[in-house]
Amino acid sequence: MISIILTPWLSSGVPDSRVDPRSLRSIQLRTEAAAEFQNNRLANEQPAVVVALGLSTVREGLDPVAISQHFDGRVHLLNLASSGGSFSEMRAYAEPLIKGSLRPDLVILGVHPSWLAAASLRLMPAAPFDQQSLLDSIKWELHESKKWLRQRSWILTHRIAVHGIIQNSLQAIRADLNQFYLTSSIQGGPSAMRDPWAVRPIYSEDKAEPAFLLTQLREWQAAGWFDARNLSSSNPEAIVLTDMLQTLTTICPKVVLILMPESAEFRRKVPSSSGNTLRSIADKVQPKIQVLDFREALPDSYFRDHAHLNTRGRHSFSLLIASRFEHLLPENVLSGSSRQSLPEPKAN
């Protein structure tokens, strides 16, 4: 089981290779199902559709059920977050939305400034294919594999963390089986997906073990997340974010960048200038793109670890985001008594 879990982490360092195809397929099916719901309703019968893009902190931090209930079904949140730690991975998981027919009223990108460091540590420049290039590639792969193994060595030395990973993987397998049932050809494909809006958080414990919390920060430090030199607007990840924002503004009238909540210790370690870097990227794409900073919005008791919210934090942050929707959504989207709601998402 441990070898199965480690396999995707030990793959080549190029960000695309770390994209989970099962998660990407699930996002694609849910996006198609949401578009089908949208297309089968008249304009005055549709609730506002908000899409949340991000990675595990968005997956764990935004509850579509709480948001829908807050608006009595007039707003539906499609949480398309997966897992990872870079804008490159986030862009890959956004592909079904970008290429699909769903047209949301609002897209929110839940991010962390530290993700600017990711690609600068893993991308290898392209080179012509010859013997020397092959040797260089092998050397690079060995170097990256050694570094990646060292960063992940805590799995072998912290039995509690290993147990948690195995438990989470088993939960993910069960979710995949359930997802397969809902979306298999036997059930009629994406149109049979009864609830594309629902998303199930993976982490169940209220607070991670101290050993995990300590190792989490060490791992992020080893990845360069706390080094200001890795968090500039000229890094490859900044270019990926710029491109993603430009693309999203062509399919949605309103795009908002949200800096997700972080623990106090996490915030102290990340250079404060990184938040300004994200703002400058957003302004460069389009001055109307709002950047909302929620990094200090919640106390540490609302966190499962240094970045992921627990059950109480998830509910509180969802309501906090919902309270901003009336200002974020385009004018008149929520108005009009003729607007009807989709079936409310079901809590898992």
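**Close-up 1. His308 in the loop between strand E5 and helix H15.** In this predicted model, His308 is found in the loop that runs between strand E5 (290-293) and helix H15 (311-328). With a relative accessible area of 8%, which is under the 20% limit for the term, His308 is buried. The side chain of His308 is joined to that of Ser56 by a polar contact of 2.6 Å. When residues up to four places away in sequence are not counted, His308 touches Ser56, Thr57, Glu60, Tyr203, Gln216 and Phe303. A further pairing across the sequence is that of His308 with Gly61, which are 247 residues apart along the chain, while their C-alpha atoms are 6.9 Å apart in space.

**Close-up 2. Arg295 in the loop between E5 and H15.** Arg295 lies in the loop between E5 and H15, the loop in which His308 is also found. The relative accessible area of Arg295 is 13%, and this residue is therefore buried. Its side chain makes a polar contact of 2.7 Å with the side chain of Asp293. Leaving aside neighbours within four places in sequence, Arg295 is in contact with Pro113, with Leu259, Met260, Pro261 and Glu262, and with Arg267, Ser274 and Gly275.

**Close-up 3. The crossing of helices H12 and H14.** The axes of helix H12 (residues 236-248) and helix H14 (residues 273-285) come within 9 Å of each other and cross at roughly 40 degrees. Because this angle falls between the limit of 35 degrees for roughly parallel axes and the 65 degrees at which roughly perpendicular ones begin, H12 and H14 are oblique to each other. The crossing of the two helices, H12 and H14, is right-handed. On the H12 side, the residues that meet H14 are Ala238, Leu241, Thr242, Leu245 and Gln246, and their partners in H14 are Leu278, Ile281, Ala282 and Val285. By class, the residues of this contact between H12 and H14 divide into seven nonpolar and two polar, with no charged residue among them.

**Close-up 4. Asp72 in the loop between helix H4 and strand E2.** Asp72 has its place in the loop between helix H4 (64-70) and strand E2 (75-79). The phi angle of Asp72 is near 50 degrees, a positive value in a residue other than glycine. With a relative accessible area of 60%, which is over the 50% limit, Asp72 counts as exposed.

**Close-up 5. Arg25 of helix H2 and Pro96.** Arg25 is found in helix H2 (residues 21-39), where its relative accessibility of 44% makes Arg25 partly exposed. Although Arg25 and Pro96 are 71 residues apart along the chain, their C-alpha atoms are separated by 8.7 Å.

Conventions: Residues numbered from 1 in each chain as written. Predicted model: local features only at pLDDT ≥ 70, side-chain atom pairs only at ≥ 80, totals over all residues. Heavy atoms only, no water. Axes fitted to C-alpha atoms, helices over the stretch in contact; angles between N-to-C directions. Helix = DSSP H or I, 4+ residues; strand = E, 2+ residues; numbered from the N terminus. Parallel < 35°, antiparallel > 145°, perpendicular 65-115°, else oblique. Left-handed = near helix turned anticlockwise from the far one by under 90°. Contact = heavy atoms within 4.5 Å. Nonpolar A, V, L, I, M, F, W, Y, C, P; charged D, E, K, R; others polar. Buried < 20%, exposed > 50% of the residue type's maximum accessible area, 1.4 Å probe, protein only. Polar contact = N/O pair within 3.5 Å; in protein donor to acceptor, adjacent residues only side chain to side chain.
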